[in-house]
Amino acid sequence: MNPVVAKLNRENLKSEKETSFDIGDNVRVHCKIKEGGKERIQIFAGYVIARDGVGNTETFTVRRISHGVGVEKVFPVHSPFIEKLEVQNSSYVRRAKLYFLRDRKGKKSRLRERIKARK
Amino acid sequence: MQGLIGKKLGMTQIFDKDGARIAVTVVEAGPCPVIQKKTKDVDGYEAVQLGFDEMKESRVTKPMLGKFKKAGVAPCRFLAEFKMDEGEEVNEGDSVTTSIFEADIFLDVVGVTKGRGFQGVVKRHNMAGGRMTHGGHSKRRVGSIGQCSYPARVAKGQRMPGHMGASRVSQQNLKLAEIRAEDNLLLIKGSIPGANGSVVIVKKALKK
């Protein structure tokens, strides 16, 4: 890649701390939404089921069940329109993409919680 | 000034004001020294010749060196002519930068597309080709190229296999997403012709 383009790509990256969440984490994404000239914060909460790409183009997918219907939303990891990302808890998962959750309903669609070692 | 000479550096993505990701091409445009002014009296038309990409004096032919010396600028690898805006005054030796553009205007970009070699009609002219299955033998063939005894010849301009790409192409009405004046960078929405590192001409849009 051209060094000038690479420098542009590094420009607005978020810190490691802000982007260090894992697959299977139960997260609350606070995203800014513009409505009729006003800005407000909307929270989208659910499991992170995938992370795709690297660098400034990296995205993650959050899946939640809303009114009985599965909803997935893809967010850019380094988007300035993500105000905050809270990790509620992590899960014990064995794969990088949790697409199998799409076929699961009810109690089966839960993930086993991972107890993190105390630092 | 209506345009600049630049170099395509590559593509990336940025966030716009509404938080949407947009794909942009990064072009390093200018600064371009004014090599020669063409005037109505001498040349029959008004234009300005700009240069781009400095090079060693030893690589330039003597006649060209004289031309650069006359303008008082370092020798340039690429030259191109541009029209001036009405009432604009420039002199030989001046440097033209990205300040001639503003963000959110539309641009036309001229470049040389990537060479694709000898290609068939499916890739070169977007023809449908024949069927791949059920015993098709005309999978990616040309097919019929005309009638029989009348007119007994193939029409001029009939699309056929041949050399594709490496041709000068203008892409019109591309939005200028952002200007980085300090680095002489233009971030143009969408793609532009040519490989990374190739020289492009960036002009204010003709039709907007």
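**Interface of chains A and B**

In the predicted model, 16 residues of chain A are in contact with 16 residues of chain B. The two chains bury about 1200 Å² between them, and carbon and sulfur atoms give 60% of that area. Of the area that chain A buries against chain B, 33% is supplied by A:Val5, A:Leu8 and A:Phe81, more than by any other three residues.

Between chain A and chain B there are 4 residue pairs in polar contact, both residues being at pLDDT 80 or more. Helix α1 (residues 3-11) of chain A gives the largest share of the side of chain A that touches chain B, namely 6 residues. By class, that side of chain A has 6 nonpolar, 7 polar and 3 charged residues.

**Salt bridges**

The count over all chains is 13 salt bridges, and 1 salt bridge is found across the interface of chain A and chain B.

| Side chains | N to O distance |
|---|---|
| B:Arg180 and A:Glu11 | 2.7 Å |
| B:Glu178 and B:Arg180 | 2.7 Å |
| A:Arg28 and A:Glu86 | 3.7 Å |
| B:Asp104 and B:Lys17 | 3.7 Å |

B:Arg180 forms a salt bridge with A:Glu11 and another with B:Glu178. Through shared partners, A:Glu11, B:Glu178 and B:Arg180 are joined into one network. Within it, B:Arg180 counts as buried because its relative accessibility is 13%, under the 20% cut-off, whereas B:Glu178 is partly exposed at 26%.

The salt bridge of A:Arg28 and A:Glu86 links distant parts of the chain: A:Arg28 is in strand β1 (residues 26-35) of chain A and A:Glu86 in strand β5 (residues 82-91) of chain A, 58 residues apart. A:Arg28 is partly exposed, with a relative accessible area of 28%, and A:Glu86 is partly exposed at 27%.

In the salt bridge of B:Asp104 and B:Lys17, B:Asp104 lies in the loop between β6 (95-96) and β7 (106-112) of chain B and B:Lys17 in the loop between β1 (3-15) and β2 (21-29) of chain B, so the pair ties together parts that are 87 residues apart in sequence. B:Asp104 is partly exposed at 39%, while B:Lys17 counts as exposed at 62%.

**Helix α2 of chain B**

Helix α2 (residues 62-71) of chain B has B:Leu65, B:Phe68 and B:Ala71 as its buried residues. These residues lie on the same side of α2(B) because they cover an arc of only 125° around the axis. Their cover includes β3 (32-38) and β5 (76-82) of chain B. B:Lys62, B:Pro63, B:Lys69 and B:Lys70 are exposed on the other side of α2(B). After α2(B) comes B:Gly72, whose phi is positive, near 75°.

How values were computed
Residues are numbered from 1 along each chain as its sequence is written. Chains are lettered from A and ligands numbered from 1 in the order in which they are written. This is a predicted model: local features need pLDDT of at least 70, side-chain atom pairs count only at pLDDT 80 or more; totals for chains, interfaces and linings use all residues. Side-chain values use heavy atoms; hydrogens and water are left out. Contact means heavy atoms within 4.5 Å. Buried area is the accessible area (1.4 Å probe) that two parts lose on being put together, summed over both. A salt bridge is a side-chain nitrogen of Lys or Arg within 4 Å of a carboxyl oxygen of Asp or Glu. A polar contact is a pair of N or O atoms within 3.5 Å; within protein, one must be able to donate a hydrogen and the other to accept it, and residues adjacent in sequence count only if both atoms are side-chain atoms. Helices (H or I, at least four residues) and strands (E, at least two) are DSSP runs, numbered from the N terminus. Ala, Val, Leu, Ile, Met, Phe, Trp, Tyr, Cys and Pro count as nonpolar, Asp, Glu, Lys and Arg as charged, and the others, Gly among them, as polar. Buried means under 20% relative accessible area, exposed over 50%, partly exposed in between (1.4 Å probe, protein chains only). The arc is that of the directions from the helix axis to the C-beta atoms.
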